[in-house]
Amino acid sequence: MSESVDFEKLKKVLAEQENSAKMLIRRDLELTRANEKLHELDQSKSNFISIVAHQLRTPLSGVKWTLNMVLSGSLGQLTIEQKSFLMKCYESNERMIILINDMLGADRIDSEKLKYHLVPTQILDLMDNVLFEMTSVISKKKLRMSFVNRNQSLPHVLIDTEKMRAVLQNLLENAIKYTPVGGKIEIGSQRAGNFVEISIKDSGIGIPDDERKNIFNRFFRAKNAVRVETDGSGLGLFIAHGIIEKHGGKIWFEPNPDGGTTFHFTILISK
Ligand code: ADP
């Protein structure tokens with residue numbers, strides 16, 4: 001008698017187990033389908049961004065070209081007032097072009113479409129080059145720039161120069177943008193094992209503690225940054241992070257004891 005009761009129990013447990021297993025398989029299938037659907041949606045979103053950004057770039061380049069012509073005086077002389085209004089127009093147009101390029105860059109990093117062409121390069125020369133293009137904004141903001149140990153001999157690093165230029169541009173632009181007039185920016189470089197480490201230290205507004213973890217996220221901007229600088233996409237660091245990781249390096253930042261932030265990144269030395 002007791003044996004048959006045990007047998008019944010066992011049958012029941014087995015049936016329940018079979019049901020649970022079936023349910024798990026069904027759930028697994030549902031999750032796989034949902035995941036596939038999400039991938040598809042993500043892909044269409046990426047395509048949509050790429051198409052819109054590409055389509056917008058062409059008319060904006062047209063506006064830039066026309067404004068250039070008018071501003072150069074080839075369509076007749078302008079009054080100072082007309083010129084200064086058109087200059088504002090030109091600058092806004094430039095900002096839109098930069099934003100769109102950022103959107104395209106971020107989208108490409110995400111979908112791993114970027115191709116890297118690595119060449120042994122002296123990164124300090126590339127830094128000089130990027131800094132040179134920023135001379136006017138640095139002097140406009142009366143920033144004191146220093147390049148510590150610029151003349152040391154640093155080994156060449158393996159980089160895709162155009163991608164690395166974007167990293168340097170983003171980090172330097174941020175240091176300039178988020179440092180008040182009259183502030184200080186210090187660029188440092190050193191060898192660290194098989195890597196070269198570059199640091200960009202500013203005396204700027206700093207990054208609030210509770211927002212530190214989000215800084216490299218796409219579209220993220222800290223509240224203090226939004227207050228002092230309305231222009232910004234929150235894409236620059238996301239792009240820089242993606243590029244450095246693809247080079248096998250690391251990027252991070254730390255607050256300076258006397259205020260401001262220091263961004264660091266490492267890049268592999270070319271053998
Ligand atoms: P954007 O500068 O366009 O807002 P980024 O992706 O370059 O976007 O930077 C993301 C955010 O990180 C900025 O909005 C700002 O909050 C913070 N940040 C980056 N660099 C600095 C810096 N040097 N000093 C203070 N905050 C910074």
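The structure is a predicted model, in which local features need pLDDT of at least 70 and side-chain atom pairs count only at pLDDT 80 or more, while totals for chains, interfaces and linings use all residues. Residues are numbered from 1 along each chain as its sequence is written, and side-chain values use heavy atoms, with hydrogens and water left out.

**Overall form**

The protein chain has seven helices and seven strands, where helices (H or I, at least four residues) and strands (E, at least two) are DSSP runs numbered from the N terminus. Their order along the sequence is α-α-β-α-α-β-β-α-β-β-α-α-β-β. The radius of gyration, taken over C-alpha atoms, is 27 Å for the protein chain, whereas a compact globule of 271 residues would have a value near 18 Å by the rule of 2.2 Å times the number of residues to the power 0.38. The C-alpha trace spans about 105 × 50 × 40 Å along its principal axes. With contact defined as heavy atoms within 4.5 Å, residues 24 or more positions apart account for 70% of the contacts with a separation of 6 or more.

The accessible surface, from the Shrake-Rupley method with a 1.4 Å probe, comes to about 17,100 Å², and carbon and sulfur atoms hold 58% of this area.

**Nonpolar cores**

A nonpolar core is a set of buried Ala, Val, Leu, Ile, Met, Phe, Trp, Tyr and Cys residues joined through side-chain atoms within 4.5 Å. The largest has 42 residues, of which Ile123, Met127, Met164, Val167, Leu171, Leu172 and Phe265 touch the most other members. Among the elements that give two or more residues to this core are helix 3 (123-133), strand 4 (184-192) and strand 7 (261-268), and helix 5 gives the most, with seven residues. A second, separate core of five residues includes Ala53, Leu60, Ile97 and Leu104.

Leaving out residues up to four places away in sequence, Met164 touches Ile123, Leu126, Ile159, Ile244, His247, Phe265 and Ile267.

Helix 7 is mostly covered, with eight of its eleven residues buried; these are Gly236, Leu237, Phe238, Ile239, Ala240, Gly242, Ile243 and Ile244. Helix 7 is followed by Gly248, which has a positive phi, near 80°.

**Loop residues**

| Residue | Relative accessibility | Class |
|---|---|---|
| Gln122 | 14% | buried |
| Lys142 | 59% | exposed |
| Phe219 | 51% | exposed |

Gln122 is found in the loop between strand 1 (119-121) and helix 3, and, with its neighbours within four places in sequence left aside, Gln122 is in contact with Leu154, Pro155 and His156. From C-alpha to C-alpha, Gln122 lies 31 Å in space from Pro180, and the two are 58 residues apart in sequence.

Lys142 is found in the loop between helix 4 (135-140) and strand 2 (144-147) and has a positive phi of about 50° although it is not a glycine. Phe219, in the loop between strand 5 and helix 6 (223-228), is likewise not a glycine and has a positive phi of about 70°.

Methods
Buried < 20%, exposed > 50% of the residue type's maximum accessible area, 1.4 Å probe, protein only.
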